[in-house]
Amino acid sequence: MKNVLITGGAGFIGANFVRYLLRAEPEVHIINLDALTYAGSLENLRDLPDPSRHTFVHGDICDADLVNRLMREHEIDTIVHFAAESHVDRSILGPAPFIKTNVIGTFTLLEAARQAWGQERDGVRFHHVSTDEVYGSLAPDDPPFQESTAYDPRSPYSASKAASDHLVRAYFHTYGLPVTITNCSNNYGPYQFPEKLIPLMILNALQGRPLPVYGDGKQVRDWLYVEDHCEAIHLVLRKGQVGETYNIGGGNQPYNIDVVRKICALLAELRPGVDYASLITHVPDRPGHDRRYAMDTTKIRSELGWQPRHDLESGLRATVRWYLSHLDWVAKVAQGEEFQKWLQQNYADRQSLAGRRRA
Ligand code: NAD
Ligand code: TYD
């Protein structure tokens with residue numbers, strides 16, 4: 001690994017991974033290609049450990065000329081592909097960008113890698129970052145998802161990610177492109193855009209706004225602290241078998257409502273004086289809401305020796321502390337018109353969203 005193209009490295013997990021890789025690989029040079037959509041920000045890339053080994057390129061992964069040029073000019077040997085539209089609720093209200101970036105974008109990168117690397121198999125790698133949501137939704141007593149679980153995506157987001165996973169595997173089988181895939185559960189931690197559950201709840205609570213819990217709040221996610229995800233990806237790059245998929249998950253599977261209660265309790269400890277839990281408000285459910293995700297991580301644990309370093313307790317505490325000490329970051333990334341419009345669309349108009357589905 002010498003010259004690494006990271007796509008989506010100005011987003012939540014990508015920016016954490018850029019930091020992680022600069023520390024873990026002292027020789028590596030990173031080319032960070034990001035379109036800076038609403039979810040990406042250069043604010044996420046301030047104070048990098050060694051900025052001289054990081055080059056930011058503002059551009060779209062669907063731009064084949066640009067991607068081909070970057071592959072050539074920077075002699076890219078490794079691609080770590082994070083760039084995506086990533087929010088399920090947005091995919092429900094507007095699926096088109098999901099198809100474009102997640103499907104066409106991945107295809108564009110695969111083609112660029114195939115052209116640049118030709119028949120080369122040694123020392124090159126296309127790593128695709130994907131999600132547990134491709135496997136669908138579990139009933140309470142179902143066993144967790146394994147790498148062999150059949151795909152059953154149920155939202156435009158997860159369907160577009162499933163399509164991209166299939167393309168990546170097809171390039172391995174058809175063209176011998178050296179690929180690896182990781183499917184990971186819900187991440188949380190520093191730099192997560194405040195549209196997602198955990199940062200949204202922290203910030204709404206601090207502003208005394210309602211904490212909008214979809215439906216009965218008894219949905220289950222398998223939460224993983226973002227740094228543990230970064231470590232797993234790095235391990236797969238280093239030791240993973242080409243052509244293989246690895247499931248990654250935190251082994252933490254609380255109800256959503258319990259996650260929200262934990263956040264309230266942490267805030268009550270760290271910023272006392274407010275009854276945060278009284279802000280919890282049940283709102284109409286997300287259409288097609290997956291009930292439960294859980295990951296079987298036996299493969300990555302036994303083959304590569306990975307295990308998460310954070311449980312939900314320590315990870316949530318670190319996350320709440322991070323947001324409390326980075327309110328200037330929040331102000332910069334989330335005060336824009338786009339985000340306010342999103343809050344209006346997704347929350348103020350929520351009743352009509354549920355109504356439209358019933359009609
Ligand atoms: P994010 O939405 O925070 O960041 C996505 C980044 O991609 C942004 O910086 C955005 O500007 C960039 N981007 C979007 N479209 C682009 C395009 N056409 N060209 C170039 N850049 C573009 O997402 P995230 O939460 O950091 O997720 C990163 C990856 O990890 C995604 O592929 C997602 O599917 C996957 N994943 C996320 C989670 C999670 O819980 N967040 C869990 C498992 C897998
Ligand atoms: P989210 O962070 O959007 O991730 P995903 O949909 O990819 O799992 O949501 C996590 C869970 O929290 C999911 O079950 C939906 C729920 N949720 C709420 O109850 N209220 C909210 O305002 C949001 C954003 C999510």
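The model is predicted, so local features are described only where pLDDT is at least 70 and side-chain atom pairs only at pLDDT 80 or more, while totals for chains, interfaces and linings use all residues. Residues are numbered from 1 along each chain as its sequence is written, chains are lettered from A and ligands numbered from 1 in the order in which they are written, and side-chain values use heavy atoms, with hydrogens and water left out.

In soluble globular proteins, nonpolar side chains tend to be buried together. A nonpolar core is taken here as a set of buried Ala, Val, Leu, Ile, Met, Phe, Trp, Tyr and Cys residues joined through side-chain atoms within 4.5 Å. Buried means under 20% relative accessible area, exposed over 50%, and partly exposed in between, with a 1.4 Å probe and protein chains only. The largest nonpolar core has 62 residues, and those with the most contacts inside it are Ile 6, Phe 17, Val 80, Phe 82, Ile 198, Leu 211 and Ile 263. Helix α1, residues 12-24, gives the most to this core, with eight residues. Helices (H or I, at least four residues) and strands (E, at least two) are DSSP runs, numbered from the N terminus. Another core, of 24 residues, lies apart from the largest one and has Val 124, Phe 126, Val 179 and Ile 181 among its members. Contact, or touching, means heavy atoms within 4.5 Å. Not counting residues up to four places away in sequence, Phe 17 touches Ile 6, Val 80, Phe 82, Cys 230, Ile 233, His 234 and Leu 237.

The ligands come next. A residue belongs to the surroundings of a ligand if one of its heavy atoms lies within 4 Å of it. Ligand 1 is surrounded by 28 residues, of which the closest are Ile 13, Asp 34, Ser 86, Tyr 157 and Lys 161. Oxygen atoms of ligand 1 lie 2.7 Å from a polar side-chain atom of Tyr 157 and 2.6 Å from one of Lys 161. A polar backbone atom of Thr 37 is 3.0 Å from an oxygen atom of ligand 1. On its own, ligand 1 has 840 Å² of accessible area, and the protein covers 96% of it. Such areas come from the Shrake-Rupley method with a 1.4 Å probe; for residues, only the protein chains shown count as cover. Elements α1, β5 (125-131) and α5 (156-175) each supply at least two residues of this shell, and the largest share, three residues, comes from β5.

Around ligand 2 there are 17 residues, with Glu 133, Pro 212, Arg 286, His 289 and Tyr 347 the closest. An N or O atom in the side chain of Asn 256 is 2.8 Å from an oxygen atom of ligand 2. The protein covers 97% of the 510 Å² of accessible area that ligand 2 has on its own. Both α6 (197-206) and β8 (211-214) supply at least two residues of this shell, and β8 gives the largest share, with three.

Eight of its ten residues are buried, so α6 is largely enclosed by the rest of the structure. The buried residues of α6 pack against β7 (187-188), β8, α8 (256-270), α10 (312-324), α11 (327-334) and α12. Just after α6, Gly 208 takes a positive phi of about 70°.

In the loop between β7 and α6 lies Glu 195, which is buried, with a relative accessible area of 3%. The side chain of Glu 195 makes a polar contact with that of Tyr 38 at 2.9 Å. A polar contact is a pair of N or O atoms within 3.5 Å; within protein, one must be able to donate a hydrogen and the other to accept it, and residues adjacent in sequence count only if both atoms are side-chain atoms. Beyond its neighbours within four places in sequence, Glu 195 is in contact with residues including His 87, Arg 90 and Phe 339. Phe 339 is placed in helix α12, residues 337-348, and is also buried, with a relative accessible area of 8%.
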